[in-house]
Amino acid sequence: MSTADPEATVYDVVVIGGGVVGCAVARLLSHHYLRVAVVEAGPDVGAGTSKANTAILHTGFDATPGSLESRLVARGYALLREYAPSAGISVEEVGALLVAWDDEQAASLVGLAAKASANGYNHAEVVDRDAVYDGERHLGPGATGGMIVPDEHIIDPWSTPLAFAYEAVANYADILVNCDVAMCKVGDDVTIITTRSGPSIRTRFLVNAAGLRGDEIHRSLGLDGFTIRPRRGELIVFDKLARPLLNRTVLPVPTSKTKGVLVAPTVFGNVMLGPTADDIDDKTATGSTRAGINGLLDKGRRILPALLDEEVTSVYAGLRAATEHTDYQISHHRDLRYVCLGGIRSTGLTASMALAEEALARLVECGLVAKRKDTTHSIRMTPLGEECERPYQRGGQIVCHCERVTVGEVATACTAMVPAVDFDGLRRRTRALAGRCQGFYCQAELCKLTGWSLAP
Amino acid sequence: MTPVERRVAIVGGGPAGLSAAIELRRLGVRHVTLYEREQQVGGIPRHTNHLGFGIRDLHRVMSGPRYARTLAERAARAGVDLRRGAPVFSLDDVEADAVVLATGARERPRAARLVPGDRPAGIFTTGSLQQLAMAGQRVGTRAVIVGAEHVSFSAILTLHHVGCKAVAMVTPLPRHQSYGVLKLATATVRRVPVLTGVDIAEIVGRRRVEHVVLTDGRTVECDTIVFTGCWIPDNELARTSGLAMDPTIKGPSVDGTFRTSRDGVFAIGNLVHSVAAADRCALDGKSVAADVVRSLA
């Protein structure tokens with residue numbers, strides 16, 4: 001992944017954080033005559049908060065009008081919707097149905113439609129109770145009305161940061177994994193980034209896309225302004241046999257704190273229930289809880305009762321980088337040659353490519369000279385979505401039967417531009433082990449194919 | 001066409017499917033095709049490396065791998081068209097006058113049991129553990145076994161074989177659900193405490209399992225957890241084919257002659273038992289053959 005000794009190089013721009021935002025920034029920067037590196041604390045890109053996303057490509061209909069988030073989600077939506085098919089990222093235009101469960105919520109729908117218009121989104125349509133049940137006949141009793149948002153998409157949240165990272169590497173950016181940043185020291189021309197794992201990295205400009213630890217990086221530069229308070233979201237993924245139970249993403253009426261618990265199809269053909277929203281202190285507490293799981297099941301039972309008869313394939317939790325503010329915390333500091341992309345919560349997946357544009361514009365404001373390359377390399381991955389043709393359908397030998405992943409796909413993942421280095425990375429690149437048996441049938445075979453051990 | 005000239009397809013090459021195929025050939029059915037999605041036939045016994053197989057059907061006592069090999073050889077000798085690496089995604093893809101579904105069952109993994117906590121490495125099912133053991137892979141050093149069925153005690157042997165100590169067996173039920181003699185030969189001999197009436201409340205460990213918290217508040221240090229039993233039929237093909245399902249077993253509903261709700265489609269073995277021993281599944285296979293032939297008349 002790294003083409004040169006990182007310690008001997010002075011990068012033009014270093015992006016701290018290899019999540020979906022950091023990778024999107026690196027991808028865009030790599031299209032310019034710049035030496036670019038992503039510095040990631042973990043062993044892989046897209047392996048932190050980005051992997052536990054709700055996987056929705058939002059129109060931004062419910063954002064706060066006039067906010068940075070509103071503007072960047074709308075712009076990011078357009079960019080990613082166009083980019084995804086060309087890069088092999090699965091997207092499906094399933095639409096969303098926002099359901100009101102009492103008269104008060106039903107009364108608020110008109111206001112929500114007006115808010116959508118204020119966000120530049122004009123296709124939201126308020127519908128009555130009958131239309132709600134016509135659209136989703138497995139919905140539980142008690143709905144009083146709804147609003148259809150036809151342009152909400154579902155997207156593959158794993159392939160998105162990977163595609164960005166692969167394309168960045170294809171255009172000669174370096175991805176430096178296992179580099180946990182300890183300190184950033186800004187000099188006259190060069191900023192020195194010290195890492196806990198050893199190497200120091202030198203750069204002229206710095207972008208903070210560190211997600212949950214964005215506030216720590218920001219403070220290490222002597223700045224202040226926001227504090228990350230992780231908001232944990234637990235999610236339950238149901239078996240693919242549940243997929244016929246719904247057509248659209250089913251949303252509740254959002255509150256100021258959260259978009260609420262939704263039931264959504266995934267591009268992999270599953271049904272997802274969640275997320276919860278718990279403010280916690282520990283930035284590493286990605287475990288699920290009994291209370292969280294039971295709370296979700298209670299909500300799921302009300303929204304889509306038949307869902308509870310299906311098997312659960314996966315339970316996980318992600319931490320949103322929430323702050324004391326409601327909006328994204330984006331700033332640039334010319335004296336420090338530094339751009340901060342802080343407080344990016346679950347909409348970061350949708351907004352990622354717009355955040356990259358924003359970062360580049362602000363880097364230029366800080367004095368970066370970015371000249372577009374005459375030619376750039378594009379990449380195309382094998383799409384993982386159920387709606388796409390997959391290698392097993394062309395006769396590839398299947399190793400993971402639940403997700404129909406072929407031996408060839410596993411080999412490709414292990415030699416990718418940013419290769420899978422563990423089973424978690426393999427799962428995000430191929431879907432292997434992500435299915436209903438969770439390795440009952442294929443774990444040993446995958447150990448053999450990859451050469452990886454499960455011993456501690 | 002007489003029954004013997006018809007074509008019968010079998011989906012699943014475990015003991016039930018292989019036994020059905022062998023018996024159909026013995027009854028003279030000319031075209032018997034068995035579709036197995038793995039590269040080898042034999043099913044779960046291929047990886048169950050201890051004695052106790054073949055008693056009721058072959059009237060011999062053999063190890064799982066030997067039993068699987070024996071059935072596979074007999075099927076090949078009987079003239080069954082064995083298609084390995086041949087998954088069946090839809091019954092429409094199978095050209096046959098009758099189909100026997102024998103897709104078996106799997107153990108529910110951790111997520112399906114809704115066990116909260118971290119998601120570290122070191123979490124297995126008996127199925128994955130046995131395959132890793134057969135491949136000579138090590139798994140960990142201290143294991144907690146979840147469940148106390150026959151297969152759970154079998155996991156103690158497998159763990160011992162790979163140099164991993166079973167430190168406790170936990171079941172929310174008031175007692176274990178296996179034979180006393182099996183418990184004696186495994187848990188008692190190896191001094192594995194069987195903790196009844198408790199369940200796993202939380203799994204703790206960031207990269208690797210560090211310990212489990214039990215529902216009674218106790219903590220058990222371990223780097224490995226094996227989720228055993230709690231079987232669910234591999235029912236995807238049955239369900240996507242629109243067969244009427246048994247809501248309790250979660251396999252297709254069958255009558256006394258293994259007929260499902262769809263004409264010409266039969267279901268046998270752990271797809272409808274969830275779960276019986278391999279030799280009992282094999283007896284299903286022997287028995288269904290006559291029913292299939294009768295249905296083709």
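Two residues are said to be in contact if their C-beta atoms, placed from the backbone, lie within 7 Å. The legends below concern a predicted model.

**View 1. Domain 1 of chain A meets domain 2 of chain A through 27 residues of domain 1 and 32 residues of domain 2, which are in contact.** On the side of domain 1 that touches domain 2, the elements of chain A that give two or more residues are helix H2 (68-87) and strand S8 (153-155), and the largest share, three residues, comes from S8(A). By class, this side of domain 1 has twelve nonpolar, eleven polar and four charged residues. The centres of the two domains, taken over C-alpha atoms, are separated by 28 Å.

**View 2. The largest nonpolar core has 129 residues.** Within this core, A:Val25 and A:Leu355 are the residues with the most contacts, and the core draws at least three residues from each of domain 1 and domain 2 of chain A. Once its neighbours within four places in sequence are left aside, A:Val25 is in contact with A:Val15, A:Val207, A:Ala209, A:Leu355, A:Ala356 and A:Ala359. Another core, of 53 residues, lies apart from the largest one and includes B:Val80, B:Leu82, B:Ala102 and B:Val265.

**View 3. Chain A and chain B touch through a contact that takes 29 residues from chain A and 33 residues from chain B.** On the side of chain A, helix H7 (290-303), strand S18 (312-320) and helix H11 (443-450) are the elements that give two or more residues, with the largest share, five residues, coming from S18(A). This side of chain A has 14 nonpolar, twelve polar and three charged residues.

Terms used. Residues numbered from 1 in each chain as written. Chains lettered and ligands numbered in written order. Predicted model: local features only at pLDDT ≥ 70, side-chain atom pairs only at ≥ 80, totals over all residues. Helix = DSSP H or I, 4+ residues; strand = E, 2+ residues; numbered from the N terminus. Nonpolar A, V, L, I, M, F, W, Y, C, P; charged D, E, K, R; others polar. Core = buried A, V, L, I, M, F, W, Y, C linked by C-beta atoms within 7 Å. Buried ≥ 20, exposed ≤ 12 C-beta atoms within 10 Å, placed from the backbone. Domains from an automatic or database assignment.
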